[in-house]
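Q: Pick one part of this model and walk me through it slowly, please. I'd like the side-chain pairings there and in the surroundings too, with the cut-offs spelled out.

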Amino acid sequence: MWEAQERQNGRQVAIKKIFDAFSHPSDARRTEFELKVLQECTTNPHIITLIDSCLSLSKRDCYLVLEFMEFNLHTAILHGVIAPHDRGFIMHQVVLGLLQLHQLGVAHCDLTPSSVLLDKQCRVALSGLSSVQPFTNSSRSKDCLLATDDGADESVPSFSFSTSPRSYSPPEWLLGGSTIAASADVWSLGCVFWEMLHGTVLFPGLSTIHQLSLILGVLGMPSPNDVESISSQYTEEILRAVNAFIDKELSSSYLSVNVSSNPLDSDARDLLFKCVCFSPNKRISCEELINHPYLTMHKSSQKKSKEI
């Protein structure tokens, strides 16, 4: 990714280079799918805007010209420049971006603080759309709005499901499941939200087993119904192995949202727990998140420009 400037008007832009974009049929389909998603989201201010695209002289690489954003959320958290009253505003915009993707029948699959971009006015735009994947239950049907009229397989390709970093991956992926659903993004959103509140990674696992032991040490062992909601033949076997490594001293107090005596504390805690549910079927949806009390105050109010 490079920062550049347009010669005609001096506008700053970002240039992304996709190396060997068409060297393999799967790479070509992925590149095409990313472009389709970006084109569908052009009018959404909370998805990174595609300005132009072109091929290299060799026809091997593809360049995407994108809008320029000054920061990402990871950098903002690292330097402590996010004010407490801005957290809800940022979360509201992230949810609006995810909602657009979910309405298209796709999941982001790589939501981390680094993929949440910010400008100086605290406007959010989601990036990292090369990892976007169609929902499992609609990837071969016309339910996905990015499919062609005949629902051809080539239009909505199936990719390797696990693209999100371990610390932001939902339990179903860590347990070997391959279902792509909106609920996976909601889990990642909860992890990002905690990081905004505390400045630390919620579940900093050093391995898949360690990651699951941290999750289960906080959320507790799942019920039989929760286990059944994970579409993986390895779930019970992995959970038995993980149970032996769970830190018994780690309790749900780890998830307490200790942000002074702010009246939004209880709402923030409620939002967090509704995002990081073990069962994907029990997680809150982005449609419901929009009306959550923690975000409602930002739904109709106009954010004043603010330098960060």
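A: Let's start with Glu32, which is partly exposed at a relative accessible area of 38%. On this scale, buried is under 20% relative accessible area, exposed is over 50%, and partly exposed is in between, using a 1.4 Å probe and protein chains only. Keep in mind that this is a predicted model, where local features need pLDDT of at least 70, side-chain atom pairs count only at pLDDT 80 or more, and totals for chains, interfaces and linings use all residues. Residues are numbered from 1 along each chain as its sequence is written, and side-chain values use heavy atoms, leaving out hydrogens and water.

Glu32 makes a salt bridge with Lys36, with 3.8 Å between the closest N and O atoms. The term means a side-chain nitrogen of Lys or Arg within 4 Å of a carboxyl oxygen of Asp or Glu. These two sit 4 residues apart in helix α1, so about one helical turn separates them. Elsewhere, salt bridges with shared partners join Glu67, Asp119 and Arg123 into one network.

Now the helix itself. α1 covers residues 25-40, 16 residues in total, and spans 22 Å from first C-alpha to last, close to the 22 Å expected at 1.5 Å a residue. That expectation is 1.5 Å times one less than the number of residues. Helices here are DSSP runs of H or I with at least four residues, strands are runs of E with at least two, and both are numbered from the N terminus.

Which residues of α1 are buried? They are Thr31, Phe33, Glu34, Leu35, Lys36, Val37 and Leu38. The buried residues pack against β2 (12-18), β3 (50-55), β4 (62-67), α3 (84-103), β6 (106-107) and β9 (133-134), where contact means heavy atoms within 4.5 Å.

Those neighbours lead to another pairing. Lys17 bridges to Asp61, with the closest N and O atoms 3.6 Å apart. Lys17 is in strand β2 and Asp61 in the loop between β3 and β4, so this pair links distant parts of the chain, 44 residues apart. Asp61 counts as buried, at 12% relative accessibility.

Then there's Arg60 with Asp20, whose closest N and O atoms are 2.7 Å apart. Arg60 is in the loop between β3 and β4 and Asp20 in the loop between β2 and α1, so the pair ties together parts that are 40 residues apart in sequence. Asp20 is partly exposed, with a relative accessible area of 28%. Across the structure, the salt bridges number 10.
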